[in-house]
Amino acid sequence: MSQDQITHQTTFSEKSIFDQAGLSGIPNEELDELVDLSGGSASILRRLAIRKKFGEPNAYLRGHVTMMGRKFSVDRRCYIPDQYAEELVRRVISDAPKNAVVLEVGTGCGWISITLKLERPDLTVLASDIDPGALAVAQRNATWHGVNVPFLESYFVDDIVSVVPDLIVANIPYGGDFEYTDQEMEERPQMPSIAICDPAGVVKPLVEFYKSVAAKKWAAKIYLETGYLPAERLKPVIETCADAEHVQNGEYGYVVLT
Ligand SMILES: C[S@@+](CC[C@H](N)C(=O)[O-])C[C@H]1O[C@@H](n2cnc3c(N)ncnc32)[C@H](O)[C@@H]1O
């Protein structure tokens, strides 16, 4: 690392800490954030630098992300949320009927459910995930934000027996064989693999999710993040629905299924 990559002035040598950790090729702004997070402590900076060397994304080192203006705790037990999914959540906030029961599937750190409950206190919001580690993070976030959202362990909706939802929202793994950004390439190997890609292949998890919901015979409307997947790729999910709206959000998108 060259001296001009270090922009902070401190009493100890950030450069030597980064050099000793063997960090290379990390963007300046990420290193600057480690310096900020260290609060001027050489030992904290060393620990952060070593974790960074092993590929830990800044979101985990920082310990939180900001989604729709609120902080949510994240660690390696959960997925690092996607900014583009905020669009889906805004849509649910505006569409959900008054006093509706909303079930979120694949909640990860819980930010979607918690945001829905905070923005629309009239809603009854429940959330599920297959991964107990993620559910523990979500519960911590709900406590932190002072909201009551039950978090349930379930394979998609198969194990949900306590409610009949009016609306289902999900940002679950949809797989991807597209080009990832540098940030995604850094984050993906560190996140729980069950949160990212199903070895069954692209779109397949969405099909399985839809089957799980359809088997319940609920009349719920489904709001499903579809990320980079173009409408064409979503046919296996869409073709069995009575009605499907694909909303393009820049290079991302979601579907509303009835
Ligand atoms: C892409 S992450 C998204 C997490 C969160 N919704 C968000 O937006 O940050 C997908 C989540 O779905 C969960 N998941 C994966 N397969 C699942 C399944 N079969 N049933 C329930 N949840 C599942 C993962 O554990 C993970 O938390």
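Tutor: Let us begin with what pairing means here: two strands pair if DSSP finds at least two bridges between them. Please keep in mind that this is a predicted model. With that criterion, S3 and S4 pair through five bridges and run parallel, and one of the contacts along them sets Val-101 against its bridge partner Thr-124 in S4.

Student: And strand S3, is it buried or exposed?

Tutor: Strand S3 covers residues 101–105, and four of its five residues are buried, so the strand is largely enclosed by the rest of the structure.

Student: What order do the strands of the open sheet have?

Tutor: The open sheet has seven strands in the order S5-S4-S3-S6-S7-S9-S8, and its pairing is mixed. Its edges are strand S5 (151–153) and strand S8 (244–249), each of which pairs on one side only, while the twist from one strand to the next averages 20°.

Student: What packs on the sheet at the S4 and S5 end?

Tutor: Helix H7, residues 132–145, packs on the sheet and touches both strand S4 (124–129) and S5, with a direction that makes about 175° with that of S5.

Student: Changing topic, which residues come nearest to the ligand?

Tutor: There are 22 residues around the ligand, and those that come nearest are Pro-81, Gly-106, Gly-108, Asp-131 and Ala-195.

Student: Zooming out, how many helices and strands does the protein have?

Tutor: The secondary structure of the protein comes to ten helices and nine strands. Its radius of gyration is 20 Å, close to the 18 Å that the globule rule gives for 258 residues, so the protein is as compact as a globular protein of that length. Taken along the principal axes, the C-alpha atoms fill a box of roughly 65 × 40 × 30 Å.

Student: And what share of the residues counts as buried?

Tutor: Of the 258 residues, 35% count as buried. As for the contacts with a separation of 6 or more, 66% of them are between residues 24 or more positions apart.

Technical notes:
Residues numbered from 1 in each chain as written. Predicted model: local features only at pLDDT ≥ 70, side-chain atom pairs only at ≥ 80, totals over all residues. Near = placed C-beta within 6 Å. Helix = DSSP H or I, 4+ residues; strand = E, 2+ residues; numbered from the N terminus. Axes fitted to C-alpha atoms, helices over the stretch in contact; angles between N-to-C directions. Contact = placed C-beta atoms within 7 Å. Rg over C-alpha atoms; globule rule 2.2 N^0.38 Å. Buried ≥ 20, exposed ≤ 12 C-beta atoms within 10 Å, placed from the backbone.
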